[in-house]
Amino acid sequence: MMIRKFTGSSFKDALDQVKQELGAHAMILSSRSIKSGGFGLLQRPMVEVTAAVDEPDTAGQQRASSEELDSLVREVRSMREEMGFLKDTLSTLMPGMRIGKDKKGLFNLLLKHGVDPQFAVVLLERSSETVESLRKTISQDIRVHEFSPAEERGFLFVGTPGAGKTTTLSKVAHLLREKRRRLSLITLDSERIGAIAHMKELSQELSCDLKIARTVSDLPRMIYRDIEKGPVLVDTPGYNYRDILGDIEEVFSSGFPLTRCCVMDATMDSHAGERVWQSMNAGQIDTIGFTKLDIAPQYGGLYNLSLLSGRPVSFVTNGPSVPDDIRIPSPDYVAGLVVGGACAN
Ligand SMILES: Nc1nc2c(ncn2[C@@H]2O[C@H](COP(=O)(O)OP(=O)(O)OP(=O)(O)O)[C@@H](O)[C@H]2O)c(=O)[nH]1
Ligand SMILES: [Mg+2]
C-alpha cells in the first residue's frame, strides 16, 4: 500500500490532488489544519490530507494466475478421469459402445434375434464384418449331442410344465424304433389320466413296453431291467421338475444310466429361459432340447442358453406333429437360426 501526504489551501484543494495523483480509489486516512510559509502573521492556514492507495502487485497477480491455472488443469484432469470411468461403466452397461461402426449392423442383427448383448460383443470381436463369418463363429460355440439311434441307451425328459416333454419323447421314440428292435417307455407322470393314456397309445403304436413309475425310487428297478434289452425313454411331469432331478441324484447315487435332457420351450424370452436354467441344478442335466421353434419369434436364446449352460443340444422340434417335427441339429443349423434363418426340417 502506498501512503502519501497532500497539502492544499483547502480540504477540497488537497482532495483534488489526492484524486489526481492516486486516482479515484485512494482512501483518506486523516486530515488536519496546518500553517505554512513565513513567520507569525505571514503564515498561511493550509490543510494536510494523508491518503493511501493499493500499489499494483504484478508479482502477486502472476502468482495468483499461475495458481488458478494449476487448479484449472487439476480440474480438467479429474474430469477426464471421471469421463474415462463413466465410459468404462457405460460400455459394461451398454456393450454396444465397444462395437466399431463397421460391425454396428451385425450387432443390431444379433440383438434383434435375442442374443445377449454381452455375448454379441464377444462374438463380433471374434468375427469379421460378414454374416457368414458371424455364423461360423457362432457354430464354433454350439455343441451338439451325438445322437446315434443304433447305440443310444435312452433319455429322461425333464422341464417346465407344457415345455413339450411328452411330444418330444414321442418323436424320439419313433426315431429309435426305426433302428432298434426293443424300446421301453416309462412314465413318472402317473397321476394324470390323459398323460397315461397318451403314453399307452404311443407304446401300442410302436409295439413297445410301458411302465408307470409312481415315484423316482421305482426307476432303478425298471430302468436296469429294460436297458439290457434296448433304449429306455422316461417321461416326467412338469410341475415338480426340480424335485424329480434331486430325487434322481439321490436314488442313483452311482450315476444315472440315461441322458437327462432338459426340454426348453424356445418361445420363452431369453431371460425367462435363463431363469429356468438357473432354477435347475446344472450338474443334473446332460443335454438341452429346444421345442416349438416353429412358433418362436427369435432364436438368440438357443445361443445364450447353450453358452450359459455349456450343455450340448440334443434335439430341436419345430411343430407338434409326431413323428416328423424333430431334428437332430448340427452346430451350423443352430448358428443359421441364431443369425436369422428360418427353421425347417
Ligand atoms: N408348435 C409346436 N407345438 C409343440 C411342439 N412341441 C410340443 N408342442 C405342443 O405343446 C403342447 C405341450 O406339449 P407336451 O408334450 O404335452 O408338453 P409337456 O412338457 O409334456 O407338458 P406337461 O407334461 O403338462 O408338463 C402340446 O399342445 C404340443 O402339441 C413344437 O415343437 N411346436
Ligand atoms: Mg407331458
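This is a predicted model: local features need pLDDT of at least 70, side-chain atom pairs count only at pLDDT 80 or more; totals for chains, interfaces and linings use all residues.
Me: Which residues come nearest to ligand 1?
Reply: A residue is near a molecule if one of its heavy atoms lies within 4 Å of it. There are 18 residues around ligand 1. Those that come nearest are Lys 165, Thr 166, Thr 167, Asp 294 and Thr 317.

Me: Which helix gives the largest share of the shell around ligand 1?
Reply: Helices here are DSSP runs (H or I, at least four residues), strands are E runs of at least two, and both are numbered from the N terminus. Four residues of the shell come from one helix, spanning residues 165-179. That is helix 6.

Me: How much of ligand 1 does the protein bury?
Reply: Start with some polar contacts (pairs of N or O atoms within 3.5 Å; within protein, one must be able to donate a hydrogen and the other to accept it, and residues adjacent in sequence count only if both atoms are side-chain atoms). An oxygen atom of ligand 1 is 3.0 Å from a polar backbone atom of Gly 162, and one is 2.5 Å from an N or O atom in the side chain of Thr 167. Taken alone, ligand 1 exposes 640 Å² (Shrake-Rupley method, 1.4 Å probe; for residues, only the protein chains shown count as cover). The share that the protein buries is 75%.

Me: Is Lys 292 buried, exposed or partly exposed, and what is its relative accessibility?
Reply: Lys 292 is found in the loop between strand 9 (287-291) and helix 11 (300-309), and has a positive phi of about 60° although it is not a glycine. One of its polar backbone atoms is 3.0 Å from an oxygen atom of ligand 1. Buried means under 20% relative accessible area, exposed over 50%, and partly exposed in between (1.4 Å probe, protein chains only). Lys 292 counts as partly exposed because its relative accessibility is 26%.

Me: What about Ser 207, buried or exposed?
Reply: Ser 207 lies in the loop between helix 7 (193-205) and strand 6 (209-212). Its phi is near 50°, a positive value in a residue other than glycine. Its relative accessibility is 57%, so Ser 207 counts as exposed.

Me: What is the angle between the planes of Phe 252 and Phe 256?
Reply: Rings of Phe, Tyr and Trp (its six-membered ring) pair if their centres lie within 6.5 Å; planes under 30 degrees apart count as stacked, over 60 as edge-to-face and the rest as tilted. The structure holds eight aromatic pairs. Phe 252 and Phe 256 form an edge-to-face pair, 4.8 Å centre to centre, with the planes at 85°.

Me: Which residues do ring pairs link into a cluster?
Reply: Look for rings joined to one another by pairs. The cluster linked this way is made of Phe 147, Phe 155, Phe 157 and Phe 315.

Me: Which residue is 8.0 Å from Asp 116, C-alpha to C-alpha?
Reply: Asp 116 is found in the loop between helix 3 (104-112) and helix 4 (117-126), and counts as buried because its relative accessibility is 18%. A polar atom of the Asp 116 side chain lies 2.8 Å from the backbone nitrogen of Gln 118. The residue asked for is 154 residues away along the chain: Ser 270.

Me: What is omega for the bond between Val 322 and Pro 323?
Reply: Pro 323 is found in the loop between strand 10 (313-317) and strand 11 (326-327). A cis peptide bond joins Val 322 and Pro 323, with omega at about 10°.

Technical notes: Residues are numbered from 1 along each chain as its sequence is written. Chains are lettered from A and ligands numbered from 1 in the order in which they are written. Side-chain values use heavy atoms; hydrogens and water are left out.
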